[in-house]
Amino acid sequence: MSATPELHDVAHAKDVIARNPGVPLDQILNHPNKKWTAGARGYLRAEIASASVVVAEPGPTLIQPDADGKFPTPLDGALFMASLGIPQTPLRVRSKIAFLPEFQKSATTDAVHIRKWAEEYPGCNWGSVGREGEFFTFEADSTDVRKRFEATGHQFTSKLIVASRSGRGHRWYRSTPDVKNIQQGSTKHSDFSVRAKNMYCVSCGSTHPDTGEQYRLIATGAPEVPTAAEIAFWESERVEKNESAKTKVPRNERGKVAHGNIHSFMLSQAGRFRNAGLNQDEIETVLLRVVHEQCEPPIDDEKVKTMSKSICNFPAGENKSLALTQGPEPLTVPEGVAPIAEETTDPIPPFDLSVVNGIYKKFVDVTTRGTTMAPQFVYAIAKTVVGARMAGKVKFENLDVEPRFYSALIGESGSGKGESWRRVLQILNCEGQIGNVAGLKIINSADSGAGIRDAFFEPPEELPMLMYIEEVEGFGSKAAPTRNPAILDSLIELADSTSISRVKAAKKSKAMKTKNNARLCAVMCGQEGSVYMKAFAGRTKLGLWDRLTPEYNVAVEAGDLPHISTADAFQLLTELNKLDYSGVMTMSNDAKTRLEAFWSGQQPEVRKKARWKKNLTLDAYMSAFGRGVKVAELEDVEIAIKIFTRQLVIRQTHFTSEVPDRIGYYIGLLKAITAKMESQLAAGVPEGLVAKSRRDFEKESHAHRDNETHLFEKAWYVHSATWLEKREVIKANGQRYWKYLPATDE
C-alpha cells in the first residue's frame, strides 16, 4: 500500500539528501514541511548515526572489548553499541529494567548524552533499543533454536552477537519492514523472541542480574539485514494460542519446561495443589519435586518456595487459573498473586561521606556516635541549622540568596529521619544552658498560617525560626483547601521573603505589626516522594519543588541510642557560635572555572533551573563556611558537585512531576504505573503477567489505603479512557471481569 499524499517515504528522503548536499541530516529529519513515514524516519536516523561515526569530532577514545568480549564498565559497552548506531537507554543498577519515561523515544546514540546519563545514574546497566527502521535483535534462550534453523539448511547471519549466558544471547540486525515483534511466549518452543519495535535487550558490558557476569560480545561486526530464510524461520515458529494453550505449558525437545515458562508452570501446578487442599509445607515438598523433574535446570529453589508460600494466600479448594479471552492470543493470568517481582534495586547512589566536613562533621560525629544511624539526615539538618544562623548576616559574591533551607528528608520508617532530628535537638537544647545558646527559635509544625506569623513576634523576635514537620502528609492535610490553606501559603511566601505582618484587635481598632527579618527554615519528613507530591498538590508550580532540598536514606538496622553527653553538646554549640557570621564570601578562580564547566555540561532541562544553579553554588559556599573560611576553593566545589549529582537523582526519583491537585496526583501515579507496564512489555514479559485489574491500580496507588477512592475514580476516568485498553478475563467458574494493558499506538 502506497504512502498517503502528505507523508514522504524513504525514496523521497534519499532524493532530498541528494538535492541538498551539505545540509545536516538532522535538519532534513526535523524540517517542518516534511512529514516522514516511520520507515523514512528510521532511515534518516540510521544515516545520522552512520554519519556521526564518520565525521565525529575527536573525543574520548572508544573502548574496545577485550579477548573475552568484556568491557571495563557498563558505560563502555553502551558507547560501543551506540557507535554502531544502536540507541542506548539506562537501566537500573544490575537489572534489566528501563526506568526513563518514554525510553523508546529518548534512547540515543549520542555519546555525550550517554555519558551525562552515566553521571546521573552511577553504575547503571544499559539497554540497546530496537526501533522500527533502525535495528532489531533476535534473542535466543537455547542452542536448540540454532539447531532447528540449521536443520533447514541455513545459518544465522548476524555479525553482532551479545552473549547473556552460556547458550543464550542476542543477535543484532538492521531493521526491515518484514520483521515484526514476536514474544517468547508466542513461539512453538518458547525459547526465543524478536524485538523489532520499541523493545530492548541488555547491552554488552552490563551486569547480568542473576549471574553477576558481564553480557559479552562474541561477534563485533556491523548489523546487516537478515536473510529471507531467517525471517521465514522466525515467522514459521510464531504460534497463535488456541484453547488448549490455556492449560498446556510449552516444552522443549527434551520434554522440559523451558526458562521463560517455568513461572507460569509453577503457578499452574501450585494452584492445582492448593485446590486439592494442600498446605504450604505439603505444596513446597511436592512442587520442588515436580519442578526439578519437569523443568529445564538450573532451578532456583527459593523461587519455588516463594511460590508455595504465595499460593497459600488463598483458601484451600479455590481454582487460581484465569484466562484473558479477548484478542488473538488468550493468556494465562494468575489471580491475586503478583506475577512480577517489584524491582528492588535502589536507583539513588549511596551517600558520599566525603562531603561532610568542618562543623557538619562534628554534628554528625556527636549525633551518630555509638549508633547505627546513617549520617546524611544529620548532615542535612546541621546544614539547615548553620544556614539559618548565616541568613541575613553572611553575603555571597555574585549570589543573591540566603542559606535558608527547606530540607526534605525522604525515607521509609526505620531510615532515621525523626531520630536524627531528635538527637540534633538534644544538642541545640542541651541541659543546663542559660538562654538561647543555639541562636534559633524552634517550633514543631504549625496549625495555621497565622500560627507561623505569630511565632515570629514571640520573643526572642530577632532570631531565625526553624520549623520541624514530623510527617509532611499530615501537614498537607492541615493545608487542604477546606481547612487551613494559608499554612502552605505562608511556607511558600517565606521561602524567599523575610517580610511578614500580623493584625491584632486593639481597643478601638485593628493594629498591624510588620517584621522585615522573618527568616524561616524547615526540616520536614516523608516516607517517599509521592507523600510530598500529595501534601503539596496544587502548589508545586509555585516553585516549591525547586525550593526543597532533598536527602534520602534506606531503613537501617536498629541499634543503641546512647544519650548525648552535655559536655559534647556544649562543646559543639561553642564551636557553632565561634563561626564568623558576617562579611562577604568569595570563590577562587579555579573553583569558579570548575563550577561553570560542570554546569555547562548539564542537560538543557537542568540548565534551565536557575534555582538549582544557585543551590549548587550555595553548597560550595556552605562547605567553605563549615570549614571556617570565607573563600570557597576547588575542594568545596567538588563537594557541591557530589551533592548536586546525588540530589538530581533523588529529585528524578521522588519529585517526578507537578501536581495541580489531588486528582492530578492520582493521574500522575496511574501514568507511572502504566509506564512501568510498558517497560515490562518492552523487556519481553508476557502480557498475561503484566495485565492489571482496576483494583490492582487502586491498591498500587494506595488510594484505597488512604480513603481517597473518590479522587482515584475521577483520575481513573480520565486516564483509562485514553491510555489503557480492556482485556476480558474469564475465571474457571465462568465469571467475567476486566484487566487492563497499556493501549497500543495502532
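Which strands does helix H13 (residues 376-390) lie across? The model is a predicted one, in which local features need pLDDT of at least 70 and side-chain atom pairs count only at pLDDT 80 or more, while totals for chains, interfaces and linings use all residues. Residues are numbered from 1 along each chain as its sequence is written, and side-chain values use heavy atoms, leaving out hydrogens and water.

Helix H13 lies across strand S12 (406-410), S14, S17 and S18, and runs at about 170 degrees to S12. Here helices (H or I, at least four residues) and strands (E, at least two) are DSSP runs numbered from the N terminus; axes are lines fitted to C-alpha atoms, for helices over the stretch in contact, with angles from 0 to 180 degrees between N-to-C directions.

These strands belong to an open sheet of five strands in the order S13-S14-S17-S12-S18, with parallel pairing (two strands pair if DSSP finds at least two bridges between them). At the edges, strand S13 (441-444) and strand S18 (548-552) each pair on one side only. Within the sheet, five bridges join strand S14 (residues 465-469) to the parallel strand S17 (residues 520-526); methionine 467 has alanine 522 of S17 as its bridge partner. Helix H14 (residues 417-428) also packs on the sheet, touching S12, S13, S14 and S17 (contact means heavy atoms within 4.5 Å).

Turning to a helix pair, the axes of H13 and helix H23 (residues 610-626) come within 11 Å and cross at roughly 90 degrees. Lys383, Val386, Gly387 and Met390 of H13 meet Asp619, Met622 and Phe625 of H23 in this contact.
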